[in-house]
Amino acid sequence: MKITSTIPAAILFIFIVLSNINAQSKWYVNTSLQTTGSTFTDGSNHNSFFLYGGLTYQAQKLYLSLSLPVVITQSNTFTQIGNTFLPNNHMGDNGSNNFFNRFGHMNNQNGNTMTNTNIGLGDLYLNSSFQVIDENKILPSFSIDGYIKFPTASSEIGIGTGKFDFQIAVGTKKYINNFSLFAQFGYLFLGEVGGSEVLDPFTFTFGIGYTFANRKHSFLFGYDSYSTIIQGAASPKQLALGYNYLINDGLYVSAIAAAGLNSSTSDYTFSVGLNFEI
């Protein structure tokens with residue numbers, strides 16, 4: 001999916017929705033339930049569940065979002081980068097040099113591949129976007145975007161790397177009637193995990209949104225990708241489709257489905273959430 005990566009599909013979706021709802025400064029509480037799953041090369045199926053809680057600040061030029069999940073997962077199943085989940089496939093494409101395999105081992109205190117189900121906190125993410133050039137009738141707006149990942153994930157669940165990550169990017173956005181277009185190009189600095197041979201990747205996100213005239217319904221199609229993270233492993237890529245229903249000006253529901261495009265990304269992610277103004 002990480003999603004994300006650049007501002008991942010879920011964050012992009014909420015950003016476009018809030019921009020359409022109101023340009024005034026507002027705070028929102030975000031809650032969502034998410035499931036992520038993959039079939040590994042040995043034929044086994046793996047699923048993880050996330051209960052997110054977060055806080056979003058939306059102003060005319062500034063967007064800030066803080067999110068932290070409670071995670072229910074088997075040990076060493078996925079590693080999260082942004083909103084993208086990388087399968088820790090122990091029978092992966094590149095044997096002992098498998099980046100995802102190594103990350104899974106780094107987060108298991110016992111150094112084994114047990115698949116016991118565990119519950120713990122995930123990593124804390126702070127996403128941001130600041131608009132530096134306003135949109136006009138011809139040109140799109142431009143922004144400086146990025147995120148910081150704080151390594152708060154419980155070691156027992158094996159979903160994090162135990163290191164800080166941060167990303168810096170340039171985003172552009174354009175509204176054409178009820179359509180919204182968004183693109184972002186960035187660079188992700190991954191915290192060094194001993195023995196993982198990680199390469200810091202370039203990131204790219206593209207999205208197309210549509211909001212109906214009554215503003216009650218919004219849709220988004222998004223694409224999220226990375227350049228090579230480790231030699232010999234496929235670059236993570238995913239597609240996402242989102243839907244938003246505006247109950248009133250201070251309350252809306254979001255649903256997002258994402259599909260990985262290769263073995264380096266989780267097969268699917270489904271999320272549904274409630275967002276309300278405070």
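pLDDT is the predictor's confidence in each residue, from 0 to 100. I looked up the chain average first: the mean pLDDT of the protein chain is 81, with 79% of its residues at 70 or more. I then noted residues 1–10, where the pLDDT is below 50 and the model has 61 contacts beyond near neighbours in sequence (contact: heavy atoms within 4.5 Å). Residues 90–114 also have pLDDT below 50, with 63 such contacts. Where pLDDT is low, the predicted coordinates should not be read in detail.

Ground rules. This is a predicted model, in which local features need pLDDT of at least 70 and side-chain atom pairs count only at pLDDT 80 or more, while totals for chains, interfaces and linings use all residues. Residues are numbered from 1 along each chain as its sequence is written, and side-chain values use heavy atoms, with hydrogens and water left out.

Entry on Lys149. I found Lys149 in strand E8, residues 141–150 (strands are DSSP runs of at least two residues, numbered from the N terminus). Is Lys149 buried or exposed? Lys149 is buried, at a relative accessible area of 0% (buried: under 20%, exposed: over 50%, 1.4 Å probe, protein chains only). Its side chain makes a polar contact of 3.0 Å with the side chain of Thr161 (N or O atoms within 3.5 Å, one able to donate a hydrogen and the other to accept it). A polar atom of the Lys149 side chain also lies 2.9 Å from the backbone oxygen of Lys163. Among the residues that Lys149 touches, I listed Asp123, Tyr125 and Phe164.

Entry on Tyr125. I placed Tyr125 in strand E7, residues 124–133, and Tyr125 is buried at 6% relative accessible area.

Key
Helix = DSSP H or I, 4+ residues; strand = E, 2+ residues; numbered from the N terminus. Lists of a residue's contacts leave out its neighbours within four places in sequence.
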